[in-house]
Amino acid sequence: MTSNAPIPKPREHGRPPADPATSRFWETEFHKLLAESLAPLEGMVEGGRIVPAKLAKACGCCRYTAYRWLGGNRISPKGARRIIEISEGRLTKEDFAPFLIL
């Protein structure tokens, strides 16, 4: 008996390779601003990079939102207010002006 069913493609496992043309979230100007300003906060910056889970917890948002802010190089006014609050006066509204989603 012969089957006319197509032969399935071999399945590839794991995450697809990252596109080398896209920048990483820690390479954005927004990340640099936050890393410099939030470094004094306990555990917020490790190895020169913001820890998105810590940022999310401090701001009361989910980790995906923190990654979206960092990777998109943009932030909502509500998110900016949250970060200004946790920054203990190190950041101002003017610092966020180039990154705000209006």
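Visitor: Why is T28 called buried?

Guide: Buried means under 20% relative accessible area, exposed over 50%, and partly exposed in between (1.4 Å probe, protein chains only). T28 has 7% relative accessibility, so it counts as buried. The model is a predicted one, in which local features need pLDDT of at least 70 and side-chain atom pairs count only at pLDDT 80 or more, while totals for chains, interfaces and linings use all residues. Residues are numbered from 1 along each chain as its sequence is written, and side-chain values use heavy atoms, with hydrogens and water left out.

Visitor: What makes the approach of T28 to H31 a polar contact?

Guide: A polar contact is a pair of N or O atoms within 3.5 Å; within protein, one must be able to donate a hydrogen and the other to accept it, and residues adjacent in sequence count only if both atoms are side-chain atoms. A polar atom of the T28 side chain lies 3.1 Å from the backbone nitrogen of H31. T28 is found in the segment before α1; helices (H or I, at least four residues) and strands (E, at least two) are DSSP runs, numbered from the N terminus.

Visitor: Which residues does T28 touch, not counting those up to four places away in sequence?

Guide: They are S23, L70, G71 and N73, where contact means heavy atoms within 4.5 Å.

Visitor: Why are the buried residues of α4 said to line one face of the helix?

Guide: The buried residues of α4 (residues 77-86) are G79, A80, I83 and I86. Seen down the axis of α4, they fall within an arc of 130°, so they line one face; the arc is that of the directions from the helix axis to the C-beta atoms. The face turned away from the buried side of α4 carries the exposed residues R81 and E85. What covers the buried residues of α4 includes α1 (29-38), α2 (52-59), α3 (63-72) and α5 (93-96).

Visitor: What makes F30 and F99 a tilted aromatic pair?

Guide: Rings of Phe, Tyr and Trp (its six-membered ring) pair if their centres lie within 6.5 Å; planes under 30 degrees apart count as stacked, over 60 as edge-to-face and the rest as tilted. The structure holds 4 aromatic pairs. F30 and F99 lie 5.2 Å apart centre to centre with 55° between the planes, and the pair is tilted. The pair links distant parts of the chain, with F30 in helix α1 and F99 in the segment after α5, 69 residues apart. Both F30 and F99 are buried.
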